[in-house]
Amino acid sequence: MFSQNVKDGEYTKVVYNLIKEERFIDVVTLLNNLPESCTTRAGLSLLGYCYYQCQEFVEASNCYEQLCLLKPGVQEYRLSYAQSLFQSGLFDEAFKNTTQITDENLKEKVLQLQSAIRYSNEDYAGAQSILLQRKVSHESTLNDEGCLLYQANAHDRALQRFNAALQTGGFNPLIAYNAALCHFRKRENAQAMNYIAEIVERGIRNHPELGIGAQAETEGGARSVGNPPSLALSGLAQSLNLKAAIEYQEGNLEGAREALIDLPPRSEPELDPVTLHNLSLTDTSGTGTGLRRLAFLLELGPPACPPETFANILLLCCKHEMYDTAADMLAEHAHLTYKYLSPYLYDLLDALITVQTSPEDAEEKLGVLSSQLAGRLRSLSAKVQEYRVNSDQESLRKTLKEYETALENYLPVAMARAWLPWRDDDFAGAEREFHASAEFCGETPHWQLHAAHVLFMRGDKYKEAAAFYEPVVRQNYDDILSVSAAVLANLCVAYIMTTQNEEAEELMRKVERAEERKGSANGQCLHLCIVNLVIGTLYCAKNNYEFGLSRIAHALDGGVGPRLCADTWLHVKRCVLGLLTAFAKQAVVLPSVAIMEVLNFLHTCEVFGLSIPSVLTSQIDDKIEEPQTIGVESRKLRALLLKIMEYD
């Protein structure tokens, strides 16, 4: 494109102006249209540099390899060749080329590159031996020392090195990110967020061309900025991904998504592996998309694949009860098991996968794991008491962190043990498991919430269930819509079943006011709808169809609102079919006014549901050309009701 527009004698000027403007792709396009650029020193040097800046490292290494043949005496080309090979993941070839560089002026750069090669190849002892030959107290040396200490889990000492590097060489966003990562590993999220905030603030100020936050402003329609060198040097991608990880770890999934949306806009093929990994974990489009992305990363292998990928894809499979898939992955990638799975995580996953074939063996495995962790927790608890008595603050702080880690490991095991009887509808057995783990987990919100679900499903312990649900709701009373609709519905039912109708009505009014403030006309706020559906279904189950169906009709705005969909229609037709069955058995009697209300409600659903499928899209059988609509099913239910009541 440029060769046709650039005049003879102006190529050099145009090329250097484009490089100054960081338009490296345009330079590559221009030079590739000049045959002599691929055979001359000047052309190959410019092409290699621009390919490297575009992160086309294989192409860059090809250019520098030719330069090494053309000018074997220029060792800067050999260094650039080694750097390109390193960035391409060819570590052995890169290191071999660094050993051929003898220029003393390049010694420090060579040692720095060799350290990076050894570190990326997980040869930490080799990286340490090379590090000892480098300049002491230099910014890059301090940073690399910190990286090795971080890898050895010596996070306090690593943080000291990173802070020293920042003081020695001034603010460097990549080193600041390393410091933030240390705070994150030390569970000091507030300090980590301070570093992240500074990195992002400087990135917005110094690199407006990266369009930070543009995706949020344009609802995902921002133009891709690609992967310019400024993005790699700004630390923005790393820092915003770390922010997403912090929000995800704290249970704020929406906050994690917002952090990822703030990233400079890029198309999916341009995303770095860490961003792609985190998008997979926070994806709302369905499990399949996330699993496909993680599987793609797993196939890339190290160093491109984030080390957490293997564990997360297995956990995601188990979360959605895809045990066969998880078992296949464990067998297919057995070499990754010992590298990326801790003994605890492997034992937990093994027990969960075993549930599919032998629940008894799974229960035994979980029991062994639970006993080990419980013993560890009791031992740490005794140490905590001892250090408190002796006022040993440093040991106390360290032991408390160990206790928190052990408790985090124990909680999933306790939940899994309760899940085994739950899946067989043995809610009394699930309750016994919760009692067994209350010693350690009784104060954790996650445990309390699931204990409430178990007590609720017992059917005779609504008061106890409400006592567990209430703190969850009360904690978020000012933002009631942040509470799960299922929790609000269950609490209302528990109130009703314990004759606390006023409390139930007050909670429903609170939800209704919150939805009105947020604006529920678009049908996105379904909390009150779900609460009314659950309450209506409860009354129908108790044969009080008059009140139950009135609540269901109210939940769906009488059948005319956007809340009428396949998901909500499922509950409607179940309750109506229950009424028809009771009528056929002459088990209930309804006044004619109530029957007319049901008929009118079904007629409204028929009119407004003519084009709405009666089943979810994911449940539609491929063999069915066109599924029935809510309107058709409403008409059939109305006809059945008229027939049973012998209406003309």
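**Helical architecture and selected contacts of the predicted chain**

Tyr49 is partly exposed, its relative accessible area being 36%. Residues are classed here as buried under 20% relative accessible area, exposed over 50%, and partly exposed in between (1.4 Å probe, protein chains only). The structure is a predicted model, in which local features need pLDDT of at least 70 and side-chain atom pairs count only at pLDDT 80 or more, whereas totals for chains, interfaces and linings use all residues. Residues are numbered from 1 along each chain as its sequence is written, and side-chain values use heavy atoms, with hydrogens and water left out.

The secondary structure of the chain consists of 34 helices and 0 strands; these are DSSP runs numbered from the N terminus, helices being H or I of at least four residues and strands E of at least two. The C-alpha trace spans about 100 × 75 × 45 Å along its principal axes. Of the 648 residues in the chain, 45% are buried. The accessible surface of the chain amounts to about 34300 Å², and carbon and sulfur atoms account for 51% of that area; the Shrake-Rupley method with a 1.4 Å probe was used, and for residues only the protein chains shown count as cover. Where contacts (heavy atoms within 4.5 Å) join residues at least 6 apart in sequence, 56% of them link residues at least 24 apart.

Helix H3 covers residues 41-53, and its 13 residues should span 18 Å at 1.5 Å a residue, which agrees with the 18 Å between its end C-alpha atoms. The expected span is 1.5 Å times one less than the number of residues. Gly43, Leu44, Leu46, Leu47, Gly48, Cys50, Tyr51 and Gln53 are the buried residues of H3. An α-helix has 3.6 residues a turn, so residues three or four places apart point the same way. The buried residues of H3 are covered by elements including helix H1 (11-20), helix H2 (24-32), helix H4 (57-70) and helix H14 (229-234). Just after H3, Gln55 adopts a positive phi of about 65°.

Aromatic rings were examined next. Rings of Phe, Tyr and Trp (its six-membered ring) pair if their centres lie within 6.5 Å, and the planes count as stacked under 30 degrees apart, edge-to-face over 60 and tilted for the rest. In the whole structure, 12 aromatic pairs are found. Phe24 and Tyr49 form an edge-to-face pair, at 5.9 Å centre to centre with 75° between the planes. Because Phe24 lies in helix H2 and Tyr49 in helix H3, the pair ties together parts that are 25 residues apart in sequence. Phe24 is buried, at 5% relative accessibility. Phe456 and Tyr469 also form an edge-to-face pair, at 6.5 Å centre to centre with 70° between the planes. This pair links distant parts of the chain, since Phe456 is in helix H26 (residues 445-458) and Tyr469 in helix H27 (residues 462-475), 13 residues apart. Phe456 is buried at a relative accessible area of 12%, and Tyr469 is buried at 0%. Phe434, Trp447 and Phe468 belong to one aromatic cluster.

Glu515, in helix H29 (residues 501-518), is buried at 2% relative accessibility. Polar contacts are pairs of N or O atoms within 3.5 Å; within protein, one atom must be able to donate a hydrogen and the other to accept it, and residues adjacent in sequence count only if both atoms are side-chain atoms. The Glu515 side chain reaches the backbone nitrogen of His527 at 3.0 Å and that of Leu528 at 2.9 Å. Asn312, in helix H19 (residues 309-319), is buried with a relative accessible area of 19%. Leaving aside residues up to four places away in sequence, Asn312 touches His277, Leu281 and Leu294.

With a disulfide taken as a pair of cysteine sulfur atoms within 2.5 Å, the count is 0. The sulfur of Cys147 lies 8.4 Å from the closest cysteine sulfur, in Cys182, which is too far for a bond. Cys605 is likewise in no disulfide, the nearest cysteine sulfur, that of Cys565, being 11 Å away. Cys147 is buried at 18% relative accessibility, and Cys605 is buried at 0%.

Positive phi values also occur in loops. Ser391, a residue other than glycine, has a phi near 55° and lies in the loop between helix H23 (359-390) and helix H24 (393-422). Ser391 is exposed, at a relative accessible area of 53%. Asp425, although not a glycine, has a positive phi of about 60°; it is found in the loop between H24 and helix H25 (427-441). Asp425 is exposed, at 58% relative accessibility.
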